[in-house]
Amino acid sequence: MISTSIPRMVLGALKGGSGKTLISVGIIAALRKRGFKVAVFKKGPDYIDAGWLGLAASTDCHNLDSYLFSNSDILKTFVLKSKDFDISIIEGNRGVFDGVDSVGSFGTAELAKLLKAPLILVIDSTKMTRTAAALVLGCQSLDPNLILKGVIVNRVAGQRHKRILTESIENICSVKVLGSIDKLNLESFPQRHLGLLPLHEHPGAATFVQQAAEIVENNVDIEALVQIANQANEIRLENHLFVPDENGMEHTCLKIGVLKDSAFQFYYPENLEALVHSGAELIEINSLEPKKLPVIDALYIGGGFPETHAERLSDNQVFRHSLRNAVENGLPVYAECGGLMYLSRSLTIDNNKYPMVGIFDIDAVLAMRPQGHGYIHVRTVRENPFFRVGSTLIGHEFHYSFISNSDTDSGSYAFEVLRGHGINGKNDGIFRKNALGTYVHIHATGEPWWAKGILNKAHDYSLSRRVLDFDEDK
Amino acid sequence: MNSFTCDIPRVLISALKGGAGKTLITLGLIASLRRRGLKVSVFKKGPDYIDSNWLGFAANSPCYNLDSFLMGQDVIIDSFVRKSAKTDIAIIEGARGLFDGVDSSGSYSTAELAKTLGAPTLLIIEGSKMSGTAAALTRGCQVLDPGLMLEGVILNRVAGSRHEDIMKSAVMKSCGIPTVGSIAKQTFKNFPQRHLGLLPIEEHPAALSLIEQVEAVISKGINLDKIVEIANKARKLEITRPDLTSEIGESFSGDLRIGFLKDSAFQFYYHDNLDALEATGASLISVSALDDQKLPDIHGLYIGGGFPETNAEALAANHSFKASLVESVANGLPVYAECGGLMYLSKKIILDEKEFPMVGVFPITTVLKKKPQGLGYTEVEVTGKNPFYPLGKVIRGHEFHYSSVELEDSAAPVYAFRIIRGHGMDGVNDGICVNNAMGSYLHVHALGVPYWARAIAKRAFQFKLSQKKQ
């Protein structure tokens, strides 16, 4: 039996946009200033908030999501990744009872209960006073098993507002208001799409974390939070869950490139770990630098914001051409979302068309509204470089781009979309040679075969290349 | 004694916070009901002129404000019963969050009003970035006050049918109440907001087409049959009390004329206030500070609030009108000025460092600030001699102003009011008096201060007599 009693808490809210991330970042930074080693987790598929939490904690943030992985995988991840830390902070997503259906399946409340973690509720109190108490009461009443231990009221307009909110909530709900944060004008914390700007694009990220820490330290009772976190019950797990994966390390000395720069940055730590665990040596590559692609056995391109770097990506012909040549020679490339956009012929933004790498005969266009957003299910229906026909994959998608010429003539699609949108509502996973591009973001914990598929292809490629080199040497 | 039983179907539209879309949904509901041929009476919780004017416009009948801080519960019931009489359905729009009041026990809240009126309540839930949690919010309202007749939910800013279905069935499962409307996320073009709410209807060039636009959207999203069915669950109200209007006392017969400024600068008048002035026997004369050359022949003047700041240049440029007002005040014309009216009677308005000369009755300058200088209920005690209020009275009202007051160096102002609650002119005083003119930031509601109209009429009557002598 493996167990953990690590102090922990989940920060939840009633809806997205209530200020959870800012407050979480502040709490994490404030705890670190007090000497705590803080493990950080983010509920749901998400790269951006996770990036900020990781920055504040100075360690990787791990995603936990019961839609993408099993409960035992969630517990296992939590236990393993909070080992050697003093306290774990888990940031929820959206409203605490929001899930994929009307009973909040796979929601934050469910996660908090699974992790036996006390919940701190962040309430945006804009244009509201005593009604805030009704909202807290509703959460208590809807799920009495939720360990709702405290409230932080956000966007408070002055002392009187704070007093009425605090009195109402404490009297009616018998739960402490542990913090009250005034309406702020944090211009240094810009938002894009649904959340914060990715921290790679943020020049003053460290300053911001400092600011968030100050705000929280001045307005939130950190000691009380720690006490609440300390009350978390022990989590016990059966030993067999921790038996190392015997299938690992079939290959060695394979170099897997990963595009990592301000355009491409959406990588779950588990995905990179899984590649390493399967025998890869990871090579970070910057697609914005005017250099040729280094010698690698496969390339992984995650999501990001190619749209905000379209001109620079497009201008970097040296890199684009060497990547295209490598693909023509058989380099395995696994590209997700932003990566797919990058491998298409062009990316159009506001009527400006930027040439991209041109692996696939499709053109990406940036729209004003999300074209796909949420969990996605696909079934592999065609032979392709990475996935077995018949296998199904679960991931998520979130893209403002669409493919303007996505009829089946424009390429071969590996996936049939069962839920979600993908490339055109029906198909996803376009492939040519050994490159595959998809809007699906996969989490390696949920899809343990994914890394192996890439490594196998990388192995084949490295062999064929040696043969090729050998031929040329002759 | 009159005895009334009121069984008018009614429904109160509430939300969890301000800005959830109450007014637009209420407007759409009113317009949809009217299209069915129903006669709709409309009410607004709280002190408010702008939403009320929009509601009244949509209903094609005056909107009356109901607020238990400003007036007693018996007055509220009386007002509601009388004004909803002979209509088919009454729609009441709440204010802010359902349980928000002045304190942590929610005094004077929308929920309290709903119970006073025996009105079934619909809750608007702003569904953006939320799904099943909507049920927790609804449930919380049910648990917090089981006495409230919370009969349905209207979802606003819904992102598609899947989002709607999840929220709807979550609310039904956990709370047992139906979702009677679901409005998709959208932007109404040309529905600009100012300060805390909508732009005043008077400043809106295409109010009618806007109402049509709103109706088109809302009527598609709401289940009107179900809402009418819910409205029919209203509790019977019974009143057996004298007609309050009779308390105004003697009527001033003869030709007593009270003017009130009504134009795009001044427009904040409760219908109850104008009704009360008329009930004294006076006839009301509408006057425009922008278009009229001079003040007409009147015996008293009421200047309500509005947005003199957005009309500052035009007000400043109407020299002849300002001069005639100065002359009349010097001759003893009784003037009762509130908020925007006070600003208009000051020496000047300073707006973005530009000065606009105003009437100059009071030795003050008003300066527009970026943030509200006073906002909320106010309570004052009458401590200074003034043309209208008896000493010692305590008056309740509300204030909402972005302007602050700077006194002239040499001024020795006479104030009628000492502030008990609120900000007034300087946190301590309000109700500056010169001759028979009085200006204050306090907006008074005639149903809460029943002697107010009579005091103005009486002073006007005296002015009329003094004129005759001359």
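Two strands count as paired if DSSP finds at least two bridges between them. Strands (E, at least two residues) and helices (H or I, at least four residues) are DSSP runs, numbered from the N terminus.

This is a predicted model, in which local features need pLDDT of at least 70 and side-chain atom pairs count only at pLDDT 80 or more, while totals for chains, interfaces and linings use all residues. Residues are numbered from 1 along each chain as its sequence is written, and chains are lettered from A and ligands numbered from 1 in the order in which they are written.

**Stop 1: the sheet in chain B**

Select the open sheet of 10 strands in chain B. Its order is S14-S12-S15-S17-S26-S25-S24-S21-S22-S27, with mixed pairing. Go to the edges: strand S14 (283-287) and strand S27 (443-444) of chain B each have a single partner strand, so one side of each is left without a neighbour in the sheet.

Now pick S15 (residues 300-303) and S17 (residues 335-338) of chain B. They run parallel and share 3 bridges. B:Ile303 has B:Ala337 of S17(B) as its bridge partner.

**Stop 2: a hairpin and its neighbour**

Move to S18 (residues 348-351) and S19 (residues 354-357) of chain B. This pair is antiparallel, with 4 bridges. B:Ile350 is bridged to B:Glu355 in S19(B). The two strands make a hairpin with 2 residues between them. Click on B:Asp352 in the turn: its phi is positive, about 50 degrees.

S18(B) and S20(B) are parallel, joined by 3 bridges. Across from B:Lys348 stands B:Thr365 of S20(B).

**Stop 3: the domains of chain B**

Colour chain B by domain: domain 1 is 2-241 and domain 2 is 246-469. These bounds come from an automatic or database domain assignment. The C-alpha centres of the two domains of chain B are 32 Å apart. Their contact (C-beta atoms, placed from the backbone, within 7 Å) takes 14 residues from domain 1 of chain B and 15 residues from domain 2 of chain B. On the domain 1 side, strand S4 (63-66) and helix H3 (73-84) of chain B give two or more residues each. That side has 10 nonpolar, 2 polar and 2 charged residues. Here Ala, Val, Leu, Ile, Met, Phe, Trp, Tyr, Cys and Pro count as nonpolar, Asp, Glu, Lys and Arg as charged, and the others, Gly among them, as polar.

**Stop 4: where the chains meet**

Show both chains. 33 residues of chain B touch 35 residues of chain A. On the chain B side, strand S5 (89-97), helix H5 (133-144) and helix H6 (161-175) give two or more residues each. H5(B) gives the most, with 10 residues. The chain B side has 12 nonpolar, 14 polar and 7 charged residues.

**Stop 5: two helices in chain A**

Select H1 (residues 20-33) and H2 (residues 48-57) of chain A. Their axes come within 8 Å and cross at roughly 15 degrees. Axes are lines fitted to C-alpha atoms, for helices over the stretch in contact, and angles run from 0 to 180 degrees between N-to-C directions. The contact includes A:Ile28 and A:Arg32 of H1(A) and A:Trp52 and A:Leu53 of H2(A). By class, it has 7 nonpolar, 2 polar and 2 charged residues.

**Stop 6: the domains of chain A**

Finish with domain 1 (2-240) and domain 2 (254-469) of chain A. 14 residues of domain 1 of chain A contact 14 residues of domain 2 of chain A.

Methods: Contact = placed C-beta atoms within 7 Å.
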